[in-house]
Amino acid sequence: MKQFIVDHIQEGCAASLTREIFAVRRGGQLYVYQNECPHLGVNLEFQENQFLDSQGAHIICSTHGALFEIATGECIFGPCSGDYLEAIEFDWLNPSTITIR
Ligand code: FES
């Protein structure tokens, strides 16, 4: 079980937790996904912690611009439309820290 401090991730922002997973905070909820585009399996971001589009409305893959719903991970635009980012289940240890099995 691994613990991650997440209180530095502000509302409407995203950040890597490791090289493989990242988290997005939106609407008071935290979402954690595998950092892997379902199109070609590459990392999503083009710069550190840049997982969201310019409006902060969707997760974006920097390679071909696929857009994913933040809350579900569903690709709603791009070459992998209908596919999903892999969601990572987690538990809250306290208001600042999550644990991932
Ligand atoms: S690799 Fe992500 S959209 Fe093509």
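Visitor: What joins strand 3 to strand 4, and how do the two run?
Guide: Strand 3 and strand 4 run antiparallel and are joined by six bridges. Two strands pair if DSSP finds at least two bridges between them, so six is enough for this pair. One example is Ile21, whose bridge partner in strand 4 is Gln34.

Visitor: What kind of model is this, and which pLDDT do local features need?
Guide: This is a predicted model, in which local features need pLDDT of at least 70 and side-chain atom pairs count only at pLDDT 80 or more, while totals for chains, interfaces and linings use all residues. Residues are numbered from 1 along each chain as its sequence is written.

Visitor: How many helices and how many strands are in the protein chain?
Guide: The protein chain has nine strands and zero helices. Both are DSSP runs numbered from the N terminus: helices are H or I of at least four residues, strands are E of at least two. Read along the sequence, the pattern is β-β-β-β-β-β-β-β-β.

Visitor: Why is the protein chain called as compact as a globular protein of that length?
Guide: Its radius of gyration is 13 Å, and the globule rule gives 13 Å for 101 residues; the two values are close, so the description applies. The radius is taken over C-alpha atoms, and the rule is 2.2 Å times the number of residues to the power 0.38. Along the principal axes, the C-alpha atoms fill a box of roughly 40 × 25 × 25 Å.

Visitor: What makes strand 1 and strand 8 edge strands?
Guide: Three strands form an open sheet in the order 1-9-8, with antiparallel pairing. Strand 1 (2-5) and strand 8 (91-94) each pair on one side only, and they are the edge strands. The twist averages 35 degrees from one strand to the next; axes here are lines fitted to C-alpha atoms, for helices over the stretch in contact, with angles from 0 to 180 degrees between N-to-C directions.

Visitor: How many bridges pair strand 1 and strand 9?
Guide: Strand 1 and strand 9 (residues 97-100) pair in the antiparallel sense over four bridges. Phe4 stands opposite Ile98 in strand 9.

Visitor: Is Phe68 called buried or exposed, and why?
Guide: Phe68 has 28 other C-beta atoms within 10 Å, so it is buried. With C-beta atoms placed from the backbone, a residue is buried if 20 or more others lie within 10 Å of its own, exposed if 12 or fewer, and partly exposed in between. Phe68 lies in strand 6 (residues 67-69). Its contacts beyond four places in sequence include Ile59, Cys75 and Leu85, a contact being two such C-beta atoms within 7 Å.

Visitor: How is Asn49 classed, and why?
Guide: Asn49 has 12 C-beta neighbours inside 10 Å, so it counts as exposed. Asn49 is in the loop between strand 4 and strand 5, and its phi is near 65 degrees, positive in a residue other than glycine.

Visitor: What makes up the largest nonpolar core?
Guide: The largest nonpolar core has 22 residues, and those with the most contacts inside it include Phe22, Tyr31 and Phe51. Such a core is a set of buried Ala, Val, Leu, Ile, Met, Phe, Trp, Tyr and Cys residues joined through C-beta atoms within 7 Å. Strand 3 (21-26), strand 4 (29-34) and strand 5 (58-60) each supply at least two residues of this core. Across the 101 residues of the protein chain, 24% count as buried.
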